[in-house]
Number of protein chains: 2
Amino acid sequence: MQRNVVIRILGILLMLFSTTMLPPIAVSIIYGDGAGTDFAIALMFSLLTGLAIFWPNRHAQAELKTRDGFLIVVMFWTVLSFFGAIPLYLSDIQNFNLVDAIFESFSGLTTTGATVISGLDNLPHSILFYRQQLQWLGGMGIIVLAVAILPMLGIGGMQLYRAETPGPVKDAKLTPRIAGTAKALWFIYLGLTIACALSYWVAGMSPFDAISHSFSTVAIGGFSTHDASIGWFNSSNIEIICSIFMLISGINFSLHFVAYRQLSIQPYSRDPEFRAYITLITLVFIICFVGLFISQQFNFRESIYKAIFHTISIGTTTGFASSDFSAWPGMLPLLLILLSFVGGCAGSTGGGIKVVRFLLLFKQGMREIQKLIHPNAVLRVKLGKQILPEKVSNAVWGFFAAYVAIFVIIMLILIADGMDQVTAFSAVAACMNNLGPGLGEVAANYSSVSDLGKWLLCLAMLFGRLEIFTLLVLLTPAFWRR
Amino acid sequence: MQRNVVIRILGILLMLFSTTMLPPIAVSIIYGDGAGTDFAIALMFSLLTGLAIFWPNRHAQAELKTRDGFLIVVMFWTVLSFFGAIPLYLSDIQNFNLVDAIFESFSGLTTTGATVISGLDNLPHSILFYRQQLQWLGGMGIIVLAVAILPMLGIGGMQLYRAETPGPVKDAKLTPRIAGTAKALWFIYLGLTIACALSYWVAGMSPFDAISHSFSTVAIGGFSTHDASIGWFNSSNIEIICSIFMLISGINFSLHFVAYRQLSIQPYSRDPEFRAYITLITLVFIICFVGLFISQQFNFRESIYKAIFHTISIGTTTGFASSDFSAWPGMLPLLLILLSFVGGCAGSTGGGIKVVRFLLLFKQGMREIQKLIHPNAVLRVKLGKQILPEKVSNAVWGFFAAYVAIFVIIMLILIADGMDQVTAFSAVAACMNNLGPGLGEVAANYSSVSDLGKWLLCLAMLFGRLEIFTLLVLLTPAFWRR
Ligand SMILES: [K+]
Ligand SMILES: [K+]
């Protein structure tokens, strides 16, 4: 560990983060909503803390090593989430204590989108804007994390995407490559956000709502400026636009990059994960549509709309709602929650276990069956044209098992703390998959959850966002040994 | 596939099975309960069907191949379960239709112990005896399946226990080795049963109850002759005896065999699975004890008793109850249901995923974490002194994923069919883990489940008992190709 270097970066991160209070201050001034001082205080506090941490270590410069990478990633989400809670805590939202502010901030930066606030429509514009912006910033972080950092750290089989380096990376130089990749992908991310905001605006949203929702759409975040979420606009055009941008944001951003460079859609159609992603969403859409139509809860046209919108929203782990899907008939609510476990594609802003991992598990399961029938055949699992290395498949399996284990432990503690089974299951699923809305008591918001429960769900969000192992590694003594 | 040979064996199995109607006939005569003719009819029907199948193929003899093994194992449990339903269907149990009879028979032979009957205490002795005997016979089948057949078929990593053969078995000769192993293990099984029956009798059970419960104890079955299960006897001595024999029956029978031969307990203490089994049960016992004691549902002494008895009963997947554990406080009921996923040791009569598989998953998970910290270290997973071959670990992971997938699919269909989430989750868990009692509406019995639900749960029992893949393989077209 190069402690000084890591602390120096933390300082820089905090100072950079403090500048993100400026847009909400501007919003506050424009709308005259009186919440500007809260953000100014948060800005100063973050800036000074950052400076105090940075200054003594300002000369500490060295190549970052793999191990530092884990620490920086975890710090990014935890420390910024805590500092991000400051303006929310200072504001005068009703029935809102420190834990609530921290929960909301974690939920924002991890792009989970679970909220403890009911009465969004009455909040100051600056606060609303800030929440949306938190998700957008979180989304920026995730793209770098997913496309550049996780493959390098080798988390949960993501070394699969480390195409350039043939062997294992020996504490390789992290910095230069990340910077280059990040720039290209942020460009796409920004482009998507602008396109999304314009589309929303054309479809009838106010400029404020259009920008706000574009933030939480491309970040697969799901925060809204209205309690009724996307349903507030009551517009099928907006739902369609939202569906399209959620679907796009759930795709690996590297694919977007290659497609943009080649000006071709071939990179998509050739990608096995993309095909699995579309297949799965189509399949669940059909089941939801049939279920909704048969139950006569909606008419034919509405059944199609609602089924498409919610399948994409939950399937990508965005968590927008245009109706109360937790009240859908039969097994549909649970099916959607289960779909969120699959989540978006690797390298997207989506949460969950990721489509590619499920694809690999499925292929390996099929191979096991083949092996039983032909015990002596040599059967290899392929992804596209690439033969899957044993170490990647082991990492994916390990990821899956660790996901289940962490899930069960958090769920059991929540139930011991007094939550009912259905709520606990869906709350942990919604937070760990970075989805947002759950079933039961957390279908609308998380205000009824106990303080302990909120802390645990913050942990679940963090575990999910950091793909379990980034955080788990830090909890082992071996990590801290020199 | 050697169709004639397989059909010939099916005929023999049926004829053998028909003779198992004789003890209930004897019981019926002793108690004069009037149900004897039902069993006589079932005997004749099974015998004649068996003969009709056997006779045309009586000369078909050939070495069995691996592929035939899958078919015979699946046939053993399905065909015999259907024929085993005959006397139950013929009897005049109230509100008992054909599906109920089949469910009860599957539940017996798979040693699940889920029942659709309420009012056991009023049933004829012969019917009660027959249910217990079904479990005992199922237990005999499982031991051969688990110790001899699954390792040879290579199901879910169980080739781990194929110590004698170094390489993969090339459609090896199945028959002679199985016969030898089976005899030795059945001897132990019989010995345990007798010891258990005598202990129950000494502790105060009637001879009938003692024999009946010894059957379902060593088979890890959980059927009882009373609605109140073991709780009916209201005797802590009986609960302790029951706990001990459940704990013993949940251990790998090969271990018992080696320990018996060497007259030593070393084989146990050296076995990593045994140590994990005891550790896990102890851990859950402590949590249950603390939970029960804190909640003041029981006093100190009772809390210990109840916690020990139920942890062992659910942990080994026996499913006996001495109180309504589904009404225990907080997360304890769910914790116990989750413990049943781990289940007994491989090679025991217990159900679930098996301790050794969880041990391997845990070790591999730990290795993944180590690998992230030391990317270049060569880390191997060991079980005792044995280095785990890659193909075994792949098989175990495949097993785990297939288990989860089948579980989720059956649960979703049950919920779509109208079952609530908690009941559906626990019902599928209880049936697939061959546990028996669930939570919610299936805490006492399964009579409220729909016909479709009962069929699905029969399927779940079968999937669980046949370790998923034995059945799954038969559902692939590749299996049926020559
Ligand atoms: K989300
Ligand atoms: K059982």
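Me: How many salt bridges does the rule find across the interface of chain B and chain A?

Reply: A salt bridge is a side-chain nitrogen of Lys or Arg within 4 Å of a carboxyl oxygen of Asp or Glu; across the interface of chain B and chain A the rule finds zero. This is a predicted model, in which local features need pLDDT of at least 70, side-chain atom pairs count only at pLDDT 80 or more, and totals for chains, interfaces and linings use all residues. Residues are numbered from 1 along each chain as its sequence is written, chains are lettered from A and ligands numbered from 1 in the order in which they are written, and side-chain values use heavy atoms, without hydrogens and water.

Me: What area is buried between chain B and chain A?

Reply: The size of an interface is often given as the accessible area lost when the parts come together. Here the buried area (1.4 Å probe, summed over both parts) is about 4,000 Å², and carbon and sulfur atoms give 73% of that area. Leu372(B), Ile373(B) and Trp397(B) supply 16% of the area that chain B buries against chain A, more than any other three residues.

Me: Which protein donors does the potassium ion (ligand 2) have?

Reply: Donors are N, O and S atoms within 2.8 Å of the metal (3.2 Å for Na, K and Ca); water is not among the atoms, so sites may look incomplete. For this ion they are the O atoms of Thr111(B), Thr112(B), Ile220(B), Gly221(B), Thr317(B), Thr318(B), Asn434(B) and Leu435(B), at 2.5 to 2.9 Å. Their spacing along the chain is T-T-x107-I-G-x95-T-T-x115-N-L.

Me: Is Thr111(B) buried or exposed?

Reply: Buried means under 20% relative accessible area, exposed over 50%, and partly exposed in between (1.4 Å probe, protein chains only). Thr111(B) is buried because its relative accessibility is 0%.

Technical notes:
Buried area = accessible area lost by both parts, 1.4 Å probe.
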